[in-house]
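Please take a slow look at the model below before reading on. Keep the sequence beside it.

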Amino acid sequence: MSLKTKNIWLDGEMVPWEQAKVHVLTHALHYGTGYFEGIRCYALEDGRSAVFRLDEHIRRFFDSGLILGFPLPFTVDQIKQAVLDIIRVNGLKECYIRPLAFLGLGEMGLYAPDNPVHVTIAAWSWGAYLGEEGIKNGIRAKISSYTRHHVNVMMTKSKVSGNYVNSVLAKAEVKNAGYDEAVMLDTEGYIAEASGENIFMVRGRGVKTTPLTSILPGITRECIVTLARDKGYQVVEERFTRDELYTADEAFFTGTAAEVTPIREVDNRKLGHVCPGPVTSDLQQTFFSVIKGKDRQYARWLTYV
Ligand SMILES: *Cc1c(COP(=O)(O)O)cnc(C)c1O
């Protein structure tokens, strides 16, 4: 993966990639006072490109700012336009888009209400986050010893930069132990989500995902819930335990970066007989045809570039 492109959008201007820099005394670099989004743009069969669920991502970007208490100094339309511009200006057909807002230089104390809020948007080509092989044949997950944030410790509904130290620790722990992704439990010991993905389990034709309480409200999660219900699966949003996950027929992760990635094993226990199982496979194929614009029923989720 290369992050190099022609331009990056910074505070309302297109700047050359090399010049998109910040000072080392930037507040966010010290305290994690930033928030971001992760969006994907897909190449469609007809040669056009479309951003998937742009409105929802922009809404969540603004929500993160409200939650943190330093809102974006731009309008919704300006940010939307900037996302489309960064794709066009870099000549990208299919890419990952990363908007980031952060507290800049000024006060170094924790209370820095007058520091400027900078906003940047970058885009680059990024394939399957958990690997092509993972998308096809599933990945090996391990329950992390790191607990997912409690709602009174961190603002779990926002993609706040500082929150991700928890995810970085969990991911490193399981990667170093030879697994692909970390599953994190909530403070009461129920399954919450992965380091950067939401989680689903399947038993028979019943599909279950964790409730929104302490997890990041994933847009891919919401898509899968909608698609599964539309296809006639019974979907519940309900807490589940580690042993319930061990005895699931199927399980999968969802996220903009990871898309729909089947889970082959959890803590060395194989899930079901085949991976991906029939339900995961069905939902994964439906999801891929929706993002590629092949399913007109969900064309409302696409914004053409
Ligand atoms: C971004 C993210 C997700 C997935 O959200 P999407 O909107 O589907 O990309 C899930 N969990 C965490 C912790 C995340 O940061």
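What follows is a walk from the ligand to the backbone, the salt bridges and the surface.

This is a predicted model, in which local features need pLDDT of at least 70, side-chain atom pairs count only at pLDDT 80 or more, and totals for chains, interfaces and linings use all residues. Residues are numbered from 1 along each chain as its sequence is written, and side-chain values use heavy atoms, with hydrogens and water left out.

Start with the ligand. Which residues are the closest to the ligand? They are K159, Y164, E193, T220 and T256, out of 15 residues that surround it. A residue counts here if one of its heavy atoms lies within 4 Å of the molecule. The shell divides into 3 nonpolar, 7 polar and 5 charged residues. In this count Ala, Val, Leu, Ile, Met, Phe, Trp, Tyr, Cys and Pro are nonpolar, Asp, Glu, Lys and Arg are charged, and the others, Gly among them, are polar.

Taken alone, the ligand exposes 380 Å², and the protein buries 96% of that. Accessible areas come from the Shrake-Rupley method with a 1.4 Å probe; for residues, only the protein chains shown count as cover.

Now turn to S158. This residue sits in the loop between β8 (139-143) and α5 (164-176). Helices (H or I, at least four residues) and strands (E, at least two) are DSSP runs, numbered from the N terminus. S158 is buried, because its relative accessible area is 1%. Buried means under 20% relative accessible area, exposed over 50%, and partly exposed in between (1.4 Å probe, protein chains only). The S158 side chain reaches the backbone oxygen of M155 at 2.9 Å.

The backbone has some marked spots. A cis peptide bond joins C275 and P276, with omega about 0°. P276 is in the loop between β16 (269-270) and α8 (278-291). D11 has a positive phi, near 50°, and is not a glycine. D11 falls in the loop between β1 (7-10) and β2, and is partly exposed at 31%. E259 also has a positive phi, near 55°. E259 belongs to strand β15 (residues 259-266). E259 is buried, at 8%.

Next come the charged pairs. Side chains of opposite charge can pair when their charged atoms come close. The whole structure holds 21 salt bridges, each a side-chain nitrogen of Lys or Arg within 4 Å of a carboxyl oxygen of Asp or Glu. K231 and D282 form one, with their closest N and O atoms 2.9 Å apart. K231 lies in the loop between α6 (219-230) and β13 (234-237) and D282 in helix α8, so the pair ties together parts 51 residues apart in sequence. K231 is partly exposed at 36%, and D282 is partly exposed at 22%. Shared partners join R53, E56 and E222 into one network of salt bridges. Within it, E56 and R53 have their closest N and O atoms 3.0 Å apart. R53 is buried at 5%, whereas E56 is partly exposed at 29%.

Finish at the surface. V24, L25, L29 and L105 form a nonpolar patch there, with about 390 Å² of accessible area together. Patches are made of residues with over 30% relative accessible area and no salt bridge: like charges are joined within 9 Å, nonpolar side chains (Val, Leu, Ile, Met, Phe, Trp, Tyr) within 5 Å. L25 lies in the loop between β2 (13-16) and α1 (27-31).

Note on methods
Polar contact = N/O pair within 3.5 Å; in protein donor to acceptor, adjacent residues only side chain to side chain.
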